[in-house]
Amino acid sequence: MRPDPPQDADTVAEVGEFGLIRRVTAGRTQPPTTLLGPGDDAAVVAAPDGRVVASTDVLVENVHFRLDWSSPEQVGRKAAAVNLSDVAAMGAMPTALLIGLACPSDTPAAVVDGITAGLWQEATVAGAGVVGGDMVSSETLVISITALGDLNGLEPVLRSGAQVGDVVAVCGKLGWAAAGLAVLSRGFRSPVAVVGAQRTPEPPYPAGPQAAAAGATSMIDTSDGLLADLGHVADASGVGIDIRTELLEVHPRLVDVASALGADARHWVLTGGEDHALAATFPDPALVPEEWQVIGSVRHGGGVTVDGRTYEKPPGWEHWR
């Protein structure tokens, strides 16, 4: 449930569509790749490489976020991160976001202000601009985002390129957002670092182009869980992948939280989504960048195993399941 808005808050209906657009775009700074930002029929974004990487995600209130768990700014940051990490997973540098926002007419304008402030903040972290979008009326708060990116002369890193003999490596947090979800679901608001990981993920944006430049053969954003997403790589590449638990880092804080909740911290690391870490395969351990951690290998066969065995629990998130 959404918390009660302040009684003196303007609603989006009172502010109006164009007034709302003005207040969420005024005074914003764009990166050099934004040649023409909000205010015209369409934006113009530089694509020095000549190819544009594009990705879209939709976030629905009470499915992907809750305003009683997160501030509007945190929701905006998360909505941007979800999309920008997909661009990084292709080996590209993010350049721009296009925003579609639908909300009920009685939504406080301050909520939209906060969401868009978070979008701008996360876009800035990734080096991208918020270049345009649309706002409409809806019975449910929905945020739809298209992210664009530039390959800077590199080839896109696909899910289908993993080869037998490659090593598997990850960059970014694993299991933290799942731990935060477990904490919030129990009605708690701490530990702050764990809950914060669920509210505002921190994808390692530069790690995508870094892996591409280092010769990564495949790469994916672990939005649905490490095992589930590596399963997509295995299927697309026609190979098997084996993860070794002795190589997986399980942070002591996650162990403490899991102990308090009667949960399994390693299960969070293996299957918890929404951290938006990157997973990639490399033909030689010597090519793995320093910031990346080797966690397994690519083998003959199919699917993903853990320590040579099929993982008995669900491997991650899947809609409608």
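Two residues are in contact here when they have heavy atoms within 4.5 Å of each other. With that in hand, take Val-112: setting aside neighbours within four places in sequence, Val-112 is in contact with Val-12, Leu-20, Val-24, Leu-101, Cys-103, Thr-107 and Met-135.

Before going on, some ground rules. What you see is a predicted model, where local features need pLDDT of at least 70 and side-chain atom pairs count only at pLDDT 80 or more, while totals for chains, interfaces and linings use all residues. Residues are numbered from 1 along each chain as its sequence is written, and side-chain values use heavy atoms, with hydrogens and water left out.

Helix α4 covers residues 109-126, which makes 18 residues. From first C-alpha to last, α4 reaches 26 Å, close to the 26 Å expected at 1.5 Å a residue; the expected span is 1.5 Å times one less than the number of residues.

Which residues of α4 are buried? Buried means under 20% relative accessible area, exposed means over 50%, and partly exposed is in between, using a 1.4 Å probe and protein chains only. The buried ones include Val-112, Ile-115, Leu-119 and Trp-120. Among the elements covering the buried residues of α4 are α1 (12-15), α2 (17-25), α3 (72-89) and β4 (93-103). Thr-124 also sits in α4, but Thr-124 is exposed, with a relative accessible area of 54%. Thr-124 and Ala-193 are 69 residues apart in sequence and 22 Å apart in space, C-alpha to C-alpha. Just after the helix, Gly-127 takes a positive phi of about 85°.

## The sheet

Now for the strands. An open sheet is built from 4 strands in the order β3-β6-β4-β5, with mixed pairing. β3 (52-60) and β5 stand at the edges with a single partner strand each, so one side of each has no neighbour in the sheet. On average, neighbouring strands of this sheet are turned by 15° against each other, direction ignored. Axes are lines fitted to C-alpha atoms, for helices over the stretch in contact, and angles run from 0 to 180 degrees between N-to-C directions.

Strands pair if DSSP finds at least two bridges between them. Here are the pairings:

| Strands | Sense and bridges |
|---|---|
| β3 and β6 | antiparallel, 9 bridges |
| β4 and β6 | antiparallel, 9 bridges |
| β4 and β5 | parallel, 8 bridges |

To find these pairings by eye, look for Val-52 opposite Asp-150 in β6. Pro-94 has Gly-149 in β6 as its bridge partner, and Gly-100 stands opposite Asp-134 in β5. In β4, 8 of the 11 residues are buried, so this strand is largely enclosed by the rest of the structure. Helix α3 lies across β3, β4 and β6, and runs at about 40° to β6.

An unreviewed UniProt entry lists residues 39-149 as "domain: PurM-like N-terminal". UniProt positions are given in the numbering used here, feature names are shortened, and annotations may be inferred rather than shown by experiment. The end C-alpha atoms of that span lie 21 Å apart, and the span is 32% helix and 35% strand.

## Two cores

A nonpolar core is a set of buried Ala, Val, Leu, Ile, Met, Phe, Trp, Tyr and Cys residues joined through side-chain atoms within 4.5 Å. The largest core has 52 residues, and Leu-84, Leu-97, Val-112, Ile-115, Phe-282 and Trp-292 touch the most other members. Helix α3 gives the most to this core, with 9 residues. Apart from it lies another core of 38 residues, including Leu-174, Ala-182, Trp-268 and Val-304.

Most residues other than glycine have a negative phi, and most peptide bonds are trans. Where does a cis peptide bond turn up? A cis bond joins Ser-190 and Pro-191, with omega about 10°. Pro-191 is in the loop between α5 (176-185) and α6 (192-199).

Another loop, between α10 (265-271) and β10 (278-282), holds Glu-274, whose phi is positive, near 75°. His-276 lies in the loop between α10 and β10 too, and has a positive phi of about 60°. Are they buried or exposed? Glu-274 counts as partly exposed because its relative accessibility is 23%, whereas His-276, at 2%, counts as buried.

Note on methods:
Helices (H or I, at least four residues) and strands (E, at least two) are DSSP runs, numbered from the N terminus.
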